[in-house]
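Subject: A structure for you to look at

Hi there,

Here is the structure I promised to send you. Please open it and keep it beside this message while you read.

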Amino acid sequence: MRITRENPARPREIVGSVPITPPDAVDSIVRESDRRFREWSAWPLPDRLAKLSEAADGLDTERSELAVLLARETGKPIADCRGEISFAATYLRWICRRAATVYRDIRIDDTQGRLTLAARPYGVVTAITPWNAPIILSLLKVGPALAAGNTVILKPSPLAPLTVTRVAELFPVTTVVHGGADLVHALVAHPLVGKVAFTGGEVAGRSIAAAAGQAITPVVLELGGNDPAVFLDDFALTPDDYDRLVLASFATAGQVCMAAKRLYVPHRRAEEFTEAYLEAAQRILTVGDPLDEAVTLGPVVTRDAADRVTALIADARARGGRILPLADVPESSGYFVAPILALDLPDSAPLVSTEQFGPAVPLLTYRDEFEALSRANDSELGLAASVWSADESRAFAFAAHIEAGFTFVNTHNRTGMSLRAPFGGIKSSGYGREYAEEGLREYCRTSVIHSPAAFRPGGPGMPAGAYPTATATGGDN
Ligand code: NAD
């Protein structure tokens, strides 16, 4: 049995296929990964990092070819695909520079005793990833997991299995498996899996967290978002800023976890904003085949996704929303959805209240900042957000009250990312972090070795009450 993937821009074109891993093969795959873990974790850190550095070089060398495959299986514009692969290589090199600050033992030997805080890997890490940025989202797990001394079993999305499989060949002790929910659940329940790292939607996230709870296995959950972008009344956007804002919503045809998904604009400036936004869309959005270098907006990933987003737009229209087209779509059998901006919608419209994950964005107007803040925060999700203002300090003050794991100022989406800034959600957008030192720390845990000075020859011995006293601990607790 195989998973076959078609090109979403030309559905009759089969891009490739991969073998399905039967769930009953999971036990032997995990045991083999656990056996290799014992060897790999004994490698010195610099040797493990050397392998990551080689993989980064491999990504650079194979970038053009990998990008074409990625564009054909996901429908993402070719320039985006090249960008994702280069960014993944940059991230691996960042790990090589920073890993030693996190994956190290801390040793203390003083009047209170001798203490080792050992950074230990979890063992076999299972990584489950989505289709929309499959390379970087896989390597955000594989990279730090391997650096810390874990081995990895990687389960990519059936909607983008091909490029990830090729990329994984660049990495040691990384096994790729293919399948759906049954395979994932067999992996998560396996007693030799030490940690699960998941990026994807909320439904899958909840079921994985429940299964991991049963197995008492820790999980990182990077789930969806319904990101608000709030424009304070002094916002001052140049045409370039509007271009960037349009891309913040429409890159990857709106199928990005941290896309700007709800725009909150002051009522008195809505007309001016809309006009400039439409002009930017005209400049920036070119819909068509992702392999065409001029194209910035490709199809959505599947026929189902196209139908779902089209239904959200129809619902918005039925609720009295004004639907403004942003670009023409060429005649095609592909899964294209014409990009739109929706005005005059109530907050209860599903295009506003749910993660649309497609090229359709609501513009909502507000009268005062308190109202803007409470409507922006009125979501179960809390992944990212943005605040736009001519006064950076004012934006930071407003951002302090936004319920999101990451708030951008005067930009949104990937243009606002930084390798030194941890990324991840709050509320139902998940827990755990990727990027930065926090993202590295997810792949090791602290084991302690401790000999209290109290029991050294000549030491005071057992304290009264058997708890360490201030004297026995040097006054530290
Ligand atoms: P998805 O949840 O459908 O699939 C993600 C992975 O989970 C795939 O490998 C899939 O095979 C597996 N899966 C699906 N259903 C499952 C189930 N019931 N049990 C176990 N495993 C299951 O997500 P998708 O459509 O590939 O990606 C889109 C979602 O991912 C969006 O909600 C998006 O916001 C989110 N996302 C989040 C981030 C982040 O960093 N927070 C990044 C990218 C995407």
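Below are some notes on the aromatic rings and on the ligand.

First, some ground rules. This is a predicted model, in which local features need pLDDT of at least 70 and side-chain atom pairs count only at pLDDT 80 or more, while totals for chains, interfaces and linings use all residues. Residues are numbered from 1 along each chain as its sequence is written, and side-chain values use heavy atoms, with hydrogens and water left out.

Aromatic rings

Rings of Phe, Tyr and Trp (for Trp, its six-membered ring) pair if their centres lie within 6.5 Å; planes under 30 degrees apart count as stacked, over 60 as edge-to-face and the rest as tilted. By this rule there are twelve aromatic pairs. Take Y91 and W94: their ring centres are 6.1 Å apart and their planes are at 15 degrees, so this pair is stacked. Both residues belong to helix 3 (residues 78-102), where they are three residues apart, about one turn of the helix. Helices here are DSSP runs (H or I, at least four residues), as are strands (E, at least two), numbered from the N terminus.

R269 lies over the face of F235, 3.8 Å from the ring centre. A charge counts as over a ring if NZ of Lys or CZ of Arg is within 6 Å of the ring centre and within 35 degrees of the ring normal.

The ligand

Which residues are closest to the ligand? Of the 29 that surround it, the closest are T129, K155, G201, L223 and E355; to be near, a residue needs a heavy atom within 4 Å.

A polar backbone atom of L223 is 2.7 Å from a ligand nitrogen atom, and a side-chain N or O atom of E355 is 2.6 Å from a ligand oxygen atom.

Happy exploring!

Notes: A polar contact is a pair of N or O atoms within 3.5 Å; within protein, one must be able to donate a hydrogen and the other to accept it, and residues adjacent in sequence count only if both atoms are side-chain atoms.
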